[in-house]
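Welcome, and thanks for taking a look at this structure with us. Please glance over the sequence and the model before reading the notes below.

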Amino acid sequence: MQKTVELLRKNDELRVIERELDIYLEIPHLAYAEVKKKDGGKALLFTNVVDKKSGKKFEENVLMNVFGSYRRCELLFGRTIESVADEITKLLHMKMPAGFFNKLSMASELFSLKNIFPKRTNMKASCQQIRYLDDAVDLYKIPVLTTWEQDGGPFITMGQTYTQSLDGEMVNVGMYRLQIYDKNHLGLHWQIHKDSSHFFDQYQKAGKKMPVTIAIGGDPLYTWCATAPLPYGVNELLMYGLIKKENAKLVKSLTNPLYIPHDVDYVIEGWVDTAEMRIEGPFGDHTGYYTLEEPYPVLEVSAITMKKERTYLATVVGKPPLEDKYMGWATGKIFFPLLKTTAPDLLDYHMPENCGFHNLILAKMQPLYKGHAKQFMHAFWGAGQMSFVKHAIFLDEKAPNLESYEVLSAYILDRFTPKSLYITDGILDALDHSSPEALVGGKLGIDATAANKVEAPSLLGDEELLQKIQELIPDALTLHQFMRRTKNPITVIAIRKTKNAKNYFDALLPLSMHLRVVVFVDAFKNDIHNAYMLLWRVTNNMDAMRDVFISGLMVGVDGTNKNALDGFERRWPDDVECTPSVVESLKSKGVWDLSENLYEKFQLT
């Protein structure tokens, strides 16, 4: 971490905050604002860290937003992201060359791969310079942040969670949120689809306790590797070796058999009793909503070790844009070659950060035959972490750049018809709150590869259209039409909801000559002119099996919060929001400098 801080400082990518700030809300709120700035703002180093509740002042600094820009990602990788992707492509397509010298060259390349494998050592580890064992274990010695007012407690947000299979043959490094219950117990939020959860099942069936070690800090690439979507059973630290061209050097935990990188800043070791579960949460997560309380495994901490000179690494999640925008960008670029092995006619893909990644994927492909896009949808929905994607739009090779949203949207809407839609169901991320039941729900695919002939509607102005709609739907308060120059304009209607949205859609059928795509949102907390946050809201709140309506050329989408009017029996979570008094306190201390325009655009409250 010290090397990382100096690298960031040298490249003018670091903002140092010397004012005394609290681990409860203040530090994370400021980091949440920083990443909303142009190009992700700066990495933040907090040098005067306190816990006002206990009166404790921490020796160590807190570092945040370290991955929060494209430039910082490449600084931390030490090379361009494209070069890593190119190397993976080369490995995947390596063939035996002809000619002696070409074979020597290939042998040299293969020999260099020996450095990608993590290496277990007996070296004296800097991460074990300070040791707390048995009764001396105290998680409150670490400046773990409480990010949001409704959070169930302090959460470790940048932990590398090391686990292994029951037979010890497979090792996994994952990144899960970790709730502190007390001085020696952590909640482990590994979701049912994750590798650590599969290992947990093995220990549970065998009636044995499971070893778990959490590492924090060290080379930031360890943390990125923990998020890498590698196949089941593949050690994520292989990516570290591939990128850095050197082994990750590991040392054994003091009180369990797991190995961790020797130079991390903190190590939390322990054992999980697989017969015990404890309520974890709520937590304001990267969906921009709180994920609610649920039972998860508990780690009983047997040791905490740390460096003498240490820095606590953390991130903050909530409404987009977030630091994971940039981490996800690197991941998408690097793992594109692996995805192409499943979908070889895939040309490019992009997951917009304001859709929480899993809520929408845009994919460009080479369509070769009728129904090819639908085949791709099934391939995506069956491929590793892509299987969590809720909404997918597939375009042909002539489509604009996938990040040129305005032009791309027009391209899609000018060739869209209701028959372009494909609705099915499948597994969902455990953080999804919109489906009628947890873990499974509706999925929507749009085939925009074909240039359908589309009949444009007879457009009205917003005020005239609203007047006609209010005659049919008194609950409609306001509306705005997006993409009016396309053949399928999108009409967003803000309502004071008193009935299921399907009733509103049906009431609009007499106006179908003026409408094509109609999106219903709650009037409360939605700005109908803010396309960025509307897309965040609607893709979060949709379940395609329930919330998409079709009549002729008109398509309706229900992006409202669900309740009993919709037959929704689960508890609907609150938005993640900053605490206004904390924001005012940060302003009074002279450290809050986010413009009011960005504050409102990204709906921090």
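Here is a short tour by topic, from cores to cavities.

This is a predicted model, in which local features need pLDDT of at least 70 and side-chain atom pairs count only at pLDDT 80 or more, while totals for chains, interfaces and linings use all residues. Residues are numbered from 1 along each chain as its sequence is written, and side-chain values use heavy atoms, with hydrogens and water left out.

**Nonpolar cores**

- The largest nonpolar core has 116 residues; a nonpolar core is a set of buried Ala, Val, Leu, Ile, Met, Phe, Trp, Tyr and Cys residues joined through side-chain atoms within 4.5 Å.
- Buried means under 20% relative accessible area, exposed means over 50%, and partly exposed lies in between (1.4 Å probe, protein chains only).
- Within the largest core, the residues that touch the most other members are Phe 46, Trp 224, Met 239 and Ile 268.
- Leaving aside residues up to four places away in sequence, Met 239 is in contact with Ile 88, Trp 224, Cys 225, Leu 230, Ile 334 and Phe 335, where contact means heavy atoms within 4.5 Å.

**A buried threonine**

- Thr 491 sits in strand S28, residues 490–495; helices (H or I, at least four residues) and strands (E, at least two) are DSSP runs, numbered from the N terminus.
- With a relative accessible area of 1%, Thr 491 is buried.
- Not counting residues up to four places away in sequence, Thr 491 touches Leu 465, Leu 479, His 480, Gln 481, Leu 515, Val 517, Val 518 and Val 519.

**A three-stranded sheet**

- Three strands make an open sheet of mixed pairing, in the order S7-S15-S16; two strands pair if DSSP finds at least two bridges between them.
- At the edges are strand S7 (119–120) and strand S16 (259–261), each of which pairs on one side only.
- S7 and strand S15 (residues 249–252) run parallel and are joined by two bridges.
- Across this pairing, Arg 120 stands opposite Leu 250 in S15.

**Backbone spots to look at**

- Most residues other than glycine have a negative phi, and most peptide bonds are trans.
- The peptide bond from Gly 281 to Pro 282 is cis, with omega near 0 degrees, and Pro 282 lies in the loop between strand S17 (266–280) and strand S18 (283–284).
- Another cis peptide bond runs from Pro 320 to Pro 321, with omega near -5 degrees; Pro 321 belongs to the loop between strand S21 (311–314) and helix H9 (324–342).
- Asp 12 is not a glycine, yet has a positive phi of about 55 degrees; the residue is in the loop between helix H1 (2–10) and strand S1 (14–17).
- Asn 65, also not a glycine, has a positive phi near 60 degrees and is in the loop between strand S6 (61–64) and helix H3 (70–77).
- Are these two residues buried or exposed? Asp 12 counts as exposed because its relative accessibility is 53%, whereas Asn 65 counts as buried because its relative accessibility is 3%.

**A pocket**

- The second largest pocket has a volume of about 440 Å³.
- On a 1 Å grid over the protein atoms alone, a pocket is an open set of points with protein on both sides within 12 Å along at least five of seven lines, a cavity is a set of points where a 1.4 Å probe fits but cannot get out, and lining residues have an atom within 4 Å of a point.
- Grid points are joined across faces, edges and corners, and a volume is the space filled by probe spheres set on the points.
- This pocket is lined by 24 residues, of which Glu 294, Tyr 296, Ala 430, Ala 438 and Leu 439 are the closest to its centre.
- S20 gives the largest share of this lining, four residues.

**Cavities**

- The structure holds three cavities of 30 Å³ or more, and the largest cavity has a volume of about 120 Å³.
- Among the residues lining the largest cavity are His 286, Thr 287, Gly 356 and Asn 540.
- The second largest cavity holds about 40 Å³ of space, and its lining includes His 286, Thr 287, Gly 356 and Asn 540.
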